[in-house]
Structure formats: C-alpha cells, structure tokens
Amino acid sequence: MAGLEGVIHLAGESIAEGRWTKKRMMRILDSRVNGTRNLVAGLGKNPPKAMASASAVGWYGPHGDEALDEHAPHGGDFLSHVCLEWEREARHAEEELG
C-alpha cells in the first residue's frame, strides 16, 4: 500500500442485519476495533499522508430530539461503547502512523 495519499476506514459488521445476540455484538465490536488495528498493521512502514476513521452518531447514545454537539459525552449503551472503542483504536493508529 505504499504511496497512498489517504485511507478512509468505514468497514465493520453491519448493525442492521440480524438480531443482536451476544455473539453478534462481539462481531460488531471486533470488526471495528480489530479491523482498524489490522488496517494499521497492513500499512506498515508506508503510512498514508492522512487517515480518516469514522465511527457514528451512536457515540452519543439515545437522546431523542435533544441537540448535541461534539463536546457531548459518549452514551452508556452498546453502540456508544462500540464507537468509544473504535475511536480509541483509531487514536492508537494515529500514534503508530505518526
């Protein structure tokens, strides 16, 4: 992957298909955290100039019509946890890729 200008990472197990069993929830989480980790490992010594990894508005948890901005804390539900862990792994990528 040498010579890449940038990488956009949006991959992960679909949250819209099937019941959220414990096994499926682990696949949802692992696909994002391990996917980010594996992508960074694949980039190796040839990091791109830029990497974007987006989680989701699920970060905030359910708030109905309440207005939120980027300073709002993460929620306490499953999707919030997934977003938190995914973004944490992306920050590790930033450290590794410089």
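This is a predicted model: local features need pLDDT of at least 70, side-chain atom pairs count only at pLDDT 80 or more; totals for chains, interfaces and linings use all residues.
Biologist: What makes up the protein, from the N terminus on?

Modeller: The elements run β-α-β-α, with 2 helices and 2 strands. Those are DSSP runs, numbered from the N terminus: H or I of at least four residues for helices, E of at least two for strands.

Biologist: How do you know what span is expected for α1?

Modeller: The expected span is 1.5 Å times one less than the number of residues. Helix α1 (residues 22-43) has 22 residues, giving an expected 32 Å, and the helix reaches 31 Å from its first C-alpha to its last, close to that value.

Biologist: Where does α1 bend?

Modeller: At Asp-30, by about 25 degrees. That's the angle between axes fitted to the seven residues ending there and the seven starting there.

Biologist: Why is Val-40 called buried?

Modeller: Buried means under 20% relative accessible area (exposed is over 50%, partly exposed in between, with a 1.4 Å probe and protein chains only). Val-40 has 6%, so Val-40 is buried. Val-40 is in helix α1 and touches Met-51, Ala-93, Glu-96 and Leu-97, not counting residues up to four places away in sequence. A contact means heavy atoms within 4.5 Å.

Biologist: What do the buried residues of α1 pack against?

Modeller: They pack against β1 (6-9), β2 (50-53) and α2 (78-97).

Biologist: Why are α1 and α2 called roughly parallel?

Modeller: Angles under 35 degrees count as roughly parallel, over 145 as roughly antiparallel, 65 to 115 as roughly perpendicular and the rest as oblique. The α1 and α2 angle is about 10 degrees, with axes 10 Å apart, and the pair is therefore roughly parallel. Those axes are lines fitted to C-alpha atoms over the stretch in contact, and angles run from 0 to 180 degrees between N-to-C directions.

Biologist: Which residues make that contact, by class?

Modeller: There are 12 nonpolar, 2 polar and 5 charged residues. Ala, Val, Leu, Ile, Met, Phe, Trp, Tyr, Cys and Pro count as nonpolar, Asp, Glu, Lys and Arg as charged, and the others, Gly among them, as polar.

How values were computed
Residues are numbered from 1 along each chain as its sequence is written. Side-chain values use heavy atoms; hydrogens and water are left out.
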